[in-house]
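Open the model in your viewer and keep the sequence panel beside it, as this tour moves from the whole chain to a few selections.

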Amino acid sequence: MSDAAAAAERVARESYGRLVARLAWQWRDLAAAEDALADAFAAALRHWPEQGVPDAPEAWLAAAAQRRLLHHARHIRLTLDPRVTALLDEAEPEAPLRQAVPDARLQLMFVCAHPAIAVNAHGPLMLQAVLGLDAKVIASAFLVSPAAMAQRLVRAKAKIREAGLRFEAPEARELPARLAAVLEAVYAAYTLGRHALDSPADDLCEEALFLARLTAQLLPVQAEAWGLLALLLHAEARRAAQFDADGRFVPLPAQDPTGWREDLIRKAEAALWTAAKLRQPGPFQIEAAIQSAHAQRRVTGQTPWRAIAQLYGVLVQYHASLGARVGQAVAQAEAGEPAAAVALLDALPKEAAGYAPYWVARAHVLGLAGAPGRQAALQRAIGLTDDPRLRDFLVAQLG
């Protein structure tokens, strides 16, 4: 890969979401902002190999995209509708004096949760438009095929164009109704960052944590915003312990709790307590409570599996996702009921067959139950696992 191409890839990875959010906010048009930025990257790949990579590549791309948007606006004015006068000045439009959402990226996420856009496209659209992730990566977070996710995103953007939806920051009164979709996207972003293999993983996790903190501060009476923040802080507290010094995967029960970050655990507990005081129970708060229970091992040396199994039971009542039901089965097996856990896994829908954590959990539960099928389950898990570090761990379990 040439230096120019490498520079363009780096800027795309690190700055795409920030650039799209800035352009969409300025021009009030998400689809046009994405098109303009795509053209700017194409121009960079043409010009940078000959002219050299600019000292400020992000600023170069922003300026190129601005020129494209300005040219398009003038074309509309001159050839399509003389009455169109918006967005024609050379100067960047001024920011509104008062904004319901103080951060352009978070603004764009709330815009992507517009009620005119299909609900199942809200989160994926946020991950692509704001954080710059591709359809294949997004698909893994929502447990669908890359082709299906690509089609979902295409339909969502077509809807934006057909309906003429503009980037208009929602009013404060509209934010609570759109909050759930934003929280789901932030959680998905953190999860993808946590399991990524390349260097941007830290950036994506930090971005998700920043957005979670900002959302909780923006909507302090929404308990689920605090619940998500607590959940991410608990996960972040243990992130460094997920792999040993040689890069080998270490499952949570085998981690040394002295390696968990006490400062983040304290912040997580404070956020969870803030959520509890609001008396608005929800799935992110329950997930955070489960992680809080795991964190008790740092103090007591024991994991309260029975309490965790009970919490998973409550979580499934609120949000019976595949991940929640798999977690419930593992917790129940660890609490001394492996046969009941096998029954829970057997009752999962057929979609579980393509979900690697299901097979990992099944192998573990069958082992605890002393039932046949553990090796076969491990083989299925290995075949579905992309991360070589996790795959090596699973292969070691075959012995």
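Begin with everything displayed: among contacts in the chain between residues at least 6 apart in sequence, 63% join residues at least 24 apart. What you see is a predicted model, and when you switch to a cartoon view, its secondary structure comes to 19 helices and zero strands. Of the 399 residues of the chain, 46% count as buried, while the accessible surface comes to about 19800 Å², with 55% of that belonging to carbon and sulfur atoms.

Next, select Leu37, Met109 and Val186, which touch the most other members of the largest nonpolar core, a set of 90 residues. Staying with Leu37, and leaving aside residues up to four places away in sequence, you can pick out its contacts with Tyr16, Leu19, Val20, Leu23 and Ala65. Apart from this core lies another, of 22 residues, and Ala341, Leu345, Ala361 and Leu378 are among them. In soluble globular proteins, nonpolar side chains tend to be buried together.

Now select residues 356–369, which form helix H17, and follow its 14 residues across the 20 Å from the first C-alpha to the last, close to the 20 Å expected at 1.5 Å a residue. Which residues of H17 are buried? They are Ala356, Tyr358, Trp359, Ala361, Arg362, Ala363, Val365 and Leu366. Finish at glycine 370, which follows H17 and has a positive phi, near 70°.

How values were computed. Residues are numbered from 1 along each chain as its sequence is written. This is a predicted model: local features need pLDDT of at least 70, side-chain atom pairs count only at pLDDT 80 or more; totals for chains, interfaces and linings use all residues. Side-chain values use heavy atoms; hydrogens and water are left out. Helices (H or I, at least four residues) and strands (E, at least two) are DSSP runs, numbered from the N terminus. Buried means under 20% relative accessible area, exposed over 50%, partly exposed in between (1.4 Å probe, protein chains only). Contact means heavy atoms within 4.5 Å. Accessible areas come from the Shrake-Rupley method with a 1.4 Å probe; for residues, only the protein chains shown count as cover. A nonpolar core is a set of buried Ala, Val, Leu, Ile, Met, Phe, Trp, Tyr and Cys residues joined through side-chain atoms within 4.5 Å. The expected span of a helix is 1.5 Å times one less than its number of residues.
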